[in-house]
Amino acid sequence: MHRALSILNRNSYIKYFAFHVMDILEPELIWVGDRCYRFYESSAWKNIHTSAPYMEDKEPVCSDEELENEIEIVDYDAFFKHTFYVPKIFYSHIIGAKGTILKKLEVETKATIYVPKKKDQDENIVITAQDRKAIVSAKHRIDLLVEASKKKIRFTHFLSIPLNTEEIIEKYYSFKNNVLENYGKTAYNIDESLFQTSSKLHLTIGVLKLFDDKEKEQAVNALMHCKENIIDPILEKAGPLNIHLRGVACMNDDPTEVKVLFAQVTPNEKLQEIVDKIADYFTNIGLREKEYERVKLHMTVMNIHFKDEKEAYKQKFNASEILKIHENTLFGTNIFNRIDISETHTATKDNYYKSIASITF
């Protein structure tokens, strides 16, 4: 018995060690602009060190030869100085508990870093040092901290194409009623709470994290830029574009364990070109994280996350019969003539999402 427990404990230790070694050998990649870094922050390290560092290492995957030329460094008395903006929400991530992270940054980079206080009118972070390379090092470590922190914060906004027209809503209700009548009692985990609110039917071009008024203003200006430089020129040549919705599909390969079911958009080359270019532009200016090469346009009709239950995200539903019966179901057509920057988890008087900007064309 004792020998069996010893073997079990040894095997558990080997699995634990192997898991964390893989965590170290395959660290998370963090993109800062067009540069990629390996981010080492493993629970294995945290178990070794009583006070875990904010970052074990910052090893660039891309070349660092021109880093110094990428940021503006000015003479400041006998020192050098660099000033840059970071949303206030990230100050605590840069400072740390009792200033531990900030102190560590200053010691390791040999730079002085000033993070604005609440009473300060100037909202820029200031780095000063006797050496230009110290400023570059401090700036990029802060960039890494901010980018890593962003990954832990939920999306705040998204670029949406509203589809809550009378025709589409009517066909959506027909689909919803059919599913509930035929599969609500027979298929696993299907009930009314899975369905999208009809007034919020939409397509998503991309999701955004906008942390303050400056970033919101930047997003609004970006959308106007896209209208003038992407949408208008393409529509001028191609003419009006229609969005056709037909059939349903799911986000995974197993139709018996589905989390999201959506109505498919009939492929349209010009529409795809527009949304891809808009998504890329928002990525290039740092307001969107790139996930895929192309935008997958779809209208979500059922989503496990709509359930108002604890740990609903762990649940799934059986959509196998729905996928067969509604393979070619028509959900309607709508002209492509509007894009919003919508706020997540909000609603207006007409029950569509609140927006900080909307363009029509």
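# Questions on a predicted model

Visitor: Is Cys250 buried or exposed?
Guide: The relative accessible area of Cys250 is 19%. Under 20% is buried, over 50% exposed, and anything in between partly exposed (1.4 Å probe, protein chains only). Because 19% falls under that cut-off, Cys250 counts as buried.

Visitor: What kind of model is this?
Guide: Residues are numbered from 1 along each chain as its sequence is written, and side-chain values use heavy atoms, without hydrogens or water. Local features need pLDDT of at least 70, side-chain atom pairs count only at pLDDT 80 or more, totals for chains, interfaces and linings use all residues, and the model is predicted.

Visitor: How many disulfides does the structure hold?
Guide: A disulfide needs two cysteine sulfur atoms within 2.5 Å. Cys226 is buried, at a relative accessible area of 0%. Cys250 is buried too, at 19%. The number of disulfides is 0.

Visitor: Where is His202 found?
Guide: His202 is buried, with a relative accessible area of 11%. Contacts here are heavy atoms within 4.5 Å. Beyond four places away in sequence, His202 touches residues including Phe158, His298 and Tyr353. His202 sits within residues 202–208, which form strand 9.

Visitor: Which side chain makes a polar contact with that of His202?
Guide: A polar contact pairs N or O atoms within 3.5 Å; within protein, one must be able to donate a hydrogen and the other to accept it, and residues adjacent in sequence count only if both atoms are side-chain atoms. A polar atom of the His202 side chain lies 2.7 Å from the backbone oxygen of Lys200. The side-chain partner of His202, at 3.1 Å, is Thr204.

Visitor: Which strands stand at the edges of the open sheet of 4 strands?
Guide: The strand order is 4-5-7-6, with antiparallel pairing. Two strands pair if DSSP finds at least two bridges between them. Each edge strand has a single partner, so one side of each lacks a neighbour in the sheet. Those at the edges are strand 4 (74–76) and strand 6 (112–114).

Visitor: What is the bridge partner of Asp75 in strand 5?
Guide: Strands 4 and 5 run antiparallel, and strand 5 spans residues 79–85. They are joined by 3 bridges. In strand 5, Asp75 has as its bridge partner Phe80.

Note on methods:
Helix = DSSP H or I, 4+ residues; strand = E, 2+ residues; numbered from the N terminus.
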